[in-house]
Amino acid sequence: MARFTFEDRPPKEVVNFFKGKQLTTSFDYREVWQEEHAFGFTVAKATETDVLTSIRDELLKAKQQGIPFPQFKKELGPRLQKLGWWGKKDVVDPLTGEVVTAQLGSPHRLRVIYESNIRSAASAGQWERAQRTKKGLPYFIYELGPSREHRPQHVRWAGTILPVDHDWWTTHFPPNDYGCKCRVRQITRAEAADLGGESTAPETKFVEYRNKRTGEVTSVPEGIGPGWASNPGKVRGENLDNFLAGKLEGVSQNHARIAIHDLVNSFRFEGIFKGEVKGFVPVGVLPQKRMAQLGTQSRVIRFSDYTASKGDDKHPDVKQQDYALVQWLMENGECVEDKKSHLTFIGLKDGKHWKATVKKTQDGKELYLQTLHRIMPDQAERILKRKK
């Protein structure tokens with residue numbers, strides 16, 4: 001059977017999608033459902049943070065370095081065995097209180113974890129790239145992957161040609177189940193014409209599925225595994241679009257945090273950072289407790305082209321990806337009030353001290369990032385003394 005491996009290093013969109021996920025412990029795979037997988041990284045029965053972190057770290061390394069499954073298994077397996085997450089063990093189901101015998105780590109489970117996560121991240125990255133290139137490559141064509149056997153519905157979908165933004169891709173963008181190796185290829189208008197032109201979207205029949213874990217009853221397209229009827233790349237993209245449209249002021253801190261992660265790594269942010277685009281983009285979401293300190297009406301911290309140009313002059317060592325630290329500093333750094341309209345955040349990250357300062361406009365309706373840069377330990381100490 002053909003196995004999935006990277007031929008080259010994965011595009012940055014693939015890595016950024018995965019890095020933006022938040023650790024989400026769960027006992028059963030049905031506890032984290034459909035669209036939630038676009039925001040959370042979870043492994044069933046991995047209820048301890050150190051276990052989940054180990055799996056996530058090895059997957060991230062595999063994505064960044066193009067590591068094939070045999071090497072992934074060789075490196076991760078011993079780590080999980082040391083943590084006691086291996087083989088069959090009696091565990092307590094936190095939902096029912098029952099003791100059940102559960103399969104924890106095993107070579108088979110590691111393959112499922114590896115292939116599901118690699119394929120989902122690659123799919124999300126492909127979707128993001130397609131949004132930038134759809135003018136010249138306006139169609140997707142559904143293709144079968146290298147599996148020895150294919151699901152009958154997937155065989156019927158093969159060859160379907162539809163516009164990139166067609167609604168059918170919302171639920172049918174592969175992978176469409178565990179072990180599914182189907183894929184899409186983005187093509188030009190001319191190639192679509194050579195292949196017979198745009199298709200009529202296949203009829204979608206829905207079957208009722210009851211999630212026995214949560215009690216939720218949903219309609220799932222026939223041929224798609226329960227929990228797979230979503231398009232993670234589109235979900236994350238819509239989350240980002242909602243954020244840019246100002247619709248996320250009242251949503252959870254987790255969704256806002258992930259929108260910021262995606263934005264800082266996007267071509268939209270790059271345009272502001274390089275001075276190619278005028279205006280501003282969000283770069284942070286102020287936690288509720290910080291809002292009270294500033295007396296502001298907004299949670300969103302804006303990063304303007306003016307701030308970018310000042311940063312180039314004064315702190316040329318600060319790179320685009322460093323602005324992801326703004327959100328981390330908002331949530332984890334020490335906060336010092338400078339005047340009534342400024343908050344300064346100090347934090348130690350990866351052995352380096354960072355400083356970010358946020359300013360409130362006179363009417364209190366908007367927040368702007370004034371500066372982000374590294375500082376020396378003695379500078380951090382002097383600033384923190386003001387807090388005391």
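Helix α9 is largely enclosed by the rest of the structure, because nine of its twelve residues are buried, where buried means under 20% relative accessible area with a 1.4 Å probe, protein chains only. Helices here are DSSP runs of H or I of at least four residues, strands are E runs of at least two, and both are numbered from the N terminus.

Colleagues, this is a predicted model, in which local features need pLDDT of at least 70, side-chain atom pairs count only at pLDDT 80 or more, and totals for chains, interfaces and linings use all residues. Residues are numbered from 1 along each chain as its sequence is written, and side-chain values use heavy atoms, with hydrogens and water left out.

Among the buried residues of α9 are Gln253, His261 and Asp262. The helix covers residues 253-264 and reaches 16 Å from its first C-alpha to its last, close to the 16 Å expected at 1.5 Å a residue, that span being 1.5 Å times one less than the number of residues.

I turn to the sheet. Three strands form an open, antiparallel sheet in the order β6-β5-β7, pairing being assigned if DSSP finds at least two bridges between two strands. Because β6 (161-163) and β7 (183-187) stand at the edges with a single partner strand each, one side of each is left without a neighbour in the sheet. Five bridges join β5 (residues 139-143) to β7, and Tyr139 has Ile187 in β7 as its bridge partner.

Finally, Gly77 lies in helix α3 (residues 69-82). Gly77 counts as buried because its relative accessibility is 3%. Gly77 and Pro107 are 30 residues apart in sequence, yet 7.9 Å apart in space, C-alpha to C-alpha.

Note on methods: Buried < 20%, exposed > 50% of the residue type's maximum accessible area, 1.4 Å probe, protein only.
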